[in-house]
Amino acid sequence: MSDEIELNFEHFENLNIVNKLRQIIGNWWNIQLNFTDEKGYLRGVPQGRFFNPKNPICKFITENNETFKDCVKVARVTTIESEEANEQLISTCHAGFSTISLPLKIEEKYLGCIFADGFIIEETVNEQKEKLRKYLQKTQNKNALEVEEYINTLPILSMKEVGYLEELLQLVLDEILQLRKSISDNQEELNAINSSLKRDWNFENIVGKSKAMQDVFNLLGKVSESEATILITGENGTGKEGIAKAIHVNSKRKNKNFIVQNCGALNDNLLESELFGHVKGSFTNAIKDKKGLFELADKGTLFLDEIGDTSATMQVKLLRLLQEGTFIPVGGSEQKKVDVRILAATNKNLEQMVKNGTFREDLYYRLNVINVRLPALRERSEDIPLLIKKFLENYAKSNKIQAKKISSSCLQRMEKYHWPGNVRELENEVERLCVLSGENPDISEELLSDRIFGTDEKEESFHNIDKQSNLKDAIEKLEKEMILAHLEKLNWNKSKASITLGISRASLIMKCEKYNLEKK
């Protein structure tokens, strides 16, 4: 059997439809349900035993080691016959019970069968009962009265009811095949993502010769191969997800899945279902069991972006997983355990949020084992030419054209700009310049966005200060002009401006009132 065609029979026991079907056929007909693999071995049951035998005779047989061996042999024979028949098969076991089995096939590969047993068929009831009497008297040392008492409790099905049973078994097979296809599709997508990660996100491919970035690389080199949880902090657009990818690619888990979830993109209910999965019927649109991202990332890495946007309720559930490695799917009752390395990122000040009571202190310390702070682009301006070169090459590669060149005057203006949107804003600007330049291989400064093209004039205004004036007045004039420049660049978003200025929002509001700065 090829590696691509592989099933985890233990997962079947967690399928809602399998549990429901066991309840249904158990309540209706007192019949049990089991699986065998392609070699005929019982799967998905404790220690190879049949799963909860429903009638007393089956219990006697399976509790005795010698007679249980006969059951195992029958299961293997049934599996072989199921493969040969290539359709539903009704047979009689060594003891006299009827068995109905359906072959489990994927892409013409036979992987075993699903079967229900422990019943008698109405049309052959007398022959089967007589066979059971002889078997019990021979193997179980039961007297005739006891044997007859047990036989009278056995389920007897008409052929019409057997047809219903077959339809129910087929439902289970369909669900299993759909689950396997879903897992396969997800795995193919994840394999493609991981292949791309290994190619594009090793440390050598991340641009940064500045001291600030070299400090980051030195830290990453020390922590990547560890199993420590890492919190990546920095402003929007500084490349936190890229660094998370690089950490994974350079870790011991590099051959396993790397999965990303933006915690601020979904409400609490959707986020819980996405992370922990759900069972069929747990809410209106839960039409089938679904694995969560934690389960899909088992043995790999899960990157939780915008972790500061999670609610108090979600923080409790994340803390439990970080502490114990366990979770319960939405609507489920069984606890699951996973081995996942957590990387988290935020542009918020979690330490301040802890003080304000909006982020759990215990979760913060669980996440902040290692802190990787990414510098803003204005703190690493010497990397701007390198980044621009990389983005020009990326655009040329994706559009299959010769890489464009940027003029020195255009480059100078871009180096002087403050870049509140950081690397992401720079990348978007380079792409915009490539598009606007059309077929022209050279990019001139006239194509720059207005906010960047006017950088020289704004920078110059900072130097128009009377050097002979009062120091306090000069400082206040510079402070006013700097605040105004930042507010205009950020469309008067005071929260963002306070971050780029390095002061609190409350302090910025007070200074705006002091200098009578208002949006016109």
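## T326 and strand β12

T326 has its place in strand β12, within a model that is predicted rather than determined by experiment. Its relative accessible area is 6%, and because buried means under 20% on this scale, T326 counts as buried. Once the neighbours within four places in sequence are set aside, the residues in contact with T326 are R320, L321, Q335, K336 and K337.

The loop that runs between β12 (326-327) and β13 (336-337) contains G331.

Which residues does G331 contact when its neighbours within four places in sequence are left aside? The contacts of G331 on that basis are with V279 and S282.

## The chain as a whole

The chain has 520 residues, of which 46% are buried, and its secondary structure consists of 22 helices and 17 strands. The accessible surface of the chain amounts to about 27,200 Å², with 48% of that area belonging to carbon and sulfur atoms.

Contacts across the chain may also be described by sequence separation: when those between residues at least 6 apart in sequence are taken, 67% of them join residues that are at least 24 apart.

## Helices α3 and α4

Helix α3, covering residues 56-63, packs with helix α4, covering residues 65-85, at an angle of about 105 degrees, and their axes are 5 Å apart. This angle makes α3 roughly perpendicular to α4, because the range for that description is 65 to 115 degrees.

On the α3 side F60, I61, T62 and E63 take part, and they meet N65, T67, F68 and C71 in α4. Sorted by class, the residues of this contact between α3 and α4 comprise four nonpolar, three polar and one charged.

## Helices α15 and α16

Helix α15 (residues 384-399) and helix α16 (residues 408-416) have axes that come within 10 Å of one another and cross at roughly 120 degrees. At that angle α15 is oblique to α16, and the crossing of the two helices is right-handed.

The contact is formed by I384, P385 and I388 from α15 together with L411, M414 and E415 from α16. What is the make-up by class of the contact of α15 with α16? The contact has five nonpolar residues and one charged residue, with no polar residues.

## Helices α21 and α22

Helix α21 (residues 494-501) and helix α22 (residues 505-514) pack with their axes 9 Å apart and at an angle of about 100 degrees, which makes α21 roughly perpendicular to α22.

The residues of α21 that take part are K494, S495, A497, S498 and L501, and their counterparts in α22 are R505, L508, I509 and C512. By class, the contact of α21 with α22 divides into five nonpolar, two polar and two charged residues.

Methods:
Residues are numbered from 1 along each chain as its sequence is written. This is a predicted model: local features need pLDDT of at least 70, side-chain atom pairs count only at pLDDT 80 or more; totals for chains, interfaces and linings use all residues. Side-chain values use heavy atoms; hydrogens and water are left out. Axes are lines fitted to C-alpha atoms, for helices over the stretch in contact, and angles run from 0 to 180 degrees between N-to-C directions. Helices (H or I, at least four residues) and strands (E, at least two) are DSSP runs, numbered from the N terminus. Angles under 35 degrees count as roughly parallel, over 145 as roughly antiparallel, 65 to 115 as roughly perpendicular and the rest as oblique. A crossing is left-handed if the near helix is turned anticlockwise from the far one by less than a right angle, and right-handed if clockwise. Contact means heavy atoms within 4.5 Å. Ala, Val, Leu, Ile, Met, Phe, Trp, Tyr, Cys and Pro count as nonpolar, Asp, Glu, Lys and Arg as charged, and the others, Gly among them, as polar. Buried means under 20% relative accessible area, exposed over 50%, partly exposed in between (1.4 Å probe, protein chains only). Accessible areas come from the Shrake-Rupley method with a 1.4 Å probe; for residues, only the protein chains shown count as cover.
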